[in-house]
Amino acid sequence: MITEKRFDVVALGELLIDFTESGLSGQGNTLFEANPGGAPCNVLAMLKKLGRDCLFVGKVGADMFGDLLSSIIREAGICAGGLVRDPDVRTTLAFVKKLPDGDRDFSFYRNPGADMMLTEEEIPERSVEQCRIFHFGTLSMTHEGVRRATCKAVDLAGRGGALLSFDPNLRPPLWADLEEAREQISYGLARCDILKIADNELEFMTREKDFDRGAAILREQYPNIRLLNVTAGPEGSCSYYGGEKVFVPALKLGGTIETTGAGDTFCACVLNFVLDHGLEGLTAEDLTAMLRFANAAAYLVTTKKGAIRSMPEQAEVEALL
């Protein structure tokens with residue numbers, strides 16, 4: 001069991017508006033729905049549904065979308081003590097197009113966007129030091145200033161005794177050079193205790209399509225990773241811990257609208273499990289229970305649009321199981 005701290009989970013990164021396709025107007029124009037999102041805050045939104053105390057660290061613009069996001073995370077019960085408003089740079093926007101195979105294509109309006117303007121001085125040091133788990137990704141590592149802020153927060157959390165959780169969340173359009181993306185993902189891999197990595201990201205980092213071989217490469221190269229979870233969208237998820245490997249298939253019950261937030265929901269459920277059970281002595285049965293719950297929650301979020309406002313209640317997940 002992890003010792004008592006001020007926050008169960010602190011997450012740093014992007015908070016933005018996901019504009020998702022929502023049919024056609026009477027004139028035949030494409031309609032978009034403004035859904036609040038951003039991977040780190042999506043994770044916290046699900047953790048709040050599971051009763052955890054959470055703090056978000058990031059930056060939005062002093063504009064109408066920043067006002068919306070500021071109110072949304074408070075509505076979700078997430079502490080906004082680390083949310084900064086930028087008077088000069090607008091809130092980051094993402095337009096999400098659903099592809100025929102169910103995956104998504106992103107168009108980001110972020111050149112610059114407020115999320116990438118977070119500075120080292122704006123990190124709430126005491127709060128980051130006082131968390132049980134610190135979660136981060138790589139959208140806060142695409143540019144030098146916010147990268148320094150992220151690294152400072154990672155160091156503070158580590159010194160405070162927090163477990164470090166990392167999700168690469170690779171978005172190629174946001175990187176000028178994919179080799180730089182690989183380098184920054186390597187930074188996160190070298191520091192995390194808990195890794196959630198998608199199948200395409202595993203292949204990107206190891207050039208292996210086979211999960212077992214790819215996971216073995218990462219575990220050998222980064223022995224600090226104590227719990228490694230690979231998500232494979234509609235196929236399911238794998239967990240690697242010690243000498244154990246568990247695979248749990250995804251739920252295929254129909255009704256999927258779009259997959260935004262599914263991986264973040266999965267990640268949150270894993271972190272909730274770790275908060276309850278720690279990272280010592282986990283069994284194959286433990287890992288199976290963890291993945292079953294995480295897969296079910298991820299499925300439920302795909303039956304709605306958006307992420308932060310679409311997270312399922314714990315009772316919904318349990319009823320589905």
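**Exercise 1.** Is Arg-52 buried or exposed, judged by its relative accessibility? Determine also where its salt-bridge partner Asp-276 lies.

*Solution.* The model is a predicted one.
Step 1. The cut-off for a buried residue is under 20% relative accessible area. Arg-52 has 11% relative accessibility and therefore counts as buried.
Step 2. The side chain of Arg-52 forms a salt bridge with that of Asp-276, with an N to O distance of 2.7 Å.
Step 3. Arg-52 sits in the loop between helix H1 (39-49) and strand E4 (54-61), whereas Asp-276 belongs to helix H8 (residues 262-277), so the bridge ties together parts that are 224 residues apart in sequence.
Step 4. Asp-276, at 37% relative accessibility, is partly exposed.

**Exercise 2.** Which elements are tied together by the salt bridge between Glu-125 and Lys-152?

*Solution.* Step 1. The two side chains, of Glu-125 and Lys-152, meet at 2.8 Å, N to O.
Step 1. Helix H3 (residues 125-129) contributes Glu-125 and helix H4 (residues 144-159) contributes Lys-152, so the pair ties together parts that are 27 residues apart in sequence.
Step 2. With 38% relative accessibility, Glu-125 counts as partly exposed.

**Exercise 3.** Locate the residues of the salt bridge between Asp-212 and Lys-245, and classify their accessibility.

*Solution.* Step 1. The N to O distance in this salt bridge is 3.1 Å.
Step 1. Asp-212 lies in helix H7 (residues 211-221) and Lys-245 in strand E13 (residues 244-249); the pair links distant parts of the chain, 33 residues apart.
Step 2. Asp-212 has a relative accessible area of 36% and is partly exposed. Lys-245, at 40% relative accessibility, is likewise classed as partly exposed.

**Exercise 4.** How many salt bridges does the structure hold, and which residues are linked with Lys-59 in a network?

*Solution.* Step 1. The structure holds 18 salt bridges.
Step 1. Salt bridges link Lys-59 with Asp-86 and Glu-122 in a network.

Definitions and conventions:
Residues numbered from 1 in each chain as written. Predicted model: local features only at pLDDT ≥ 70, side-chain atom pairs only at ≥ 80, totals over all residues. Heavy atoms only, no water. Salt bridge = Lys/Arg side-chain N within 4 Å of Asp/Glu carboxyl O. Helix = DSSP H or I, 4+ residues; strand = E, 2+ residues; numbered from the N terminus. Buried < 20%, exposed > 50% of the residue type's maximum accessible area, 1.4 Å probe, protein only.
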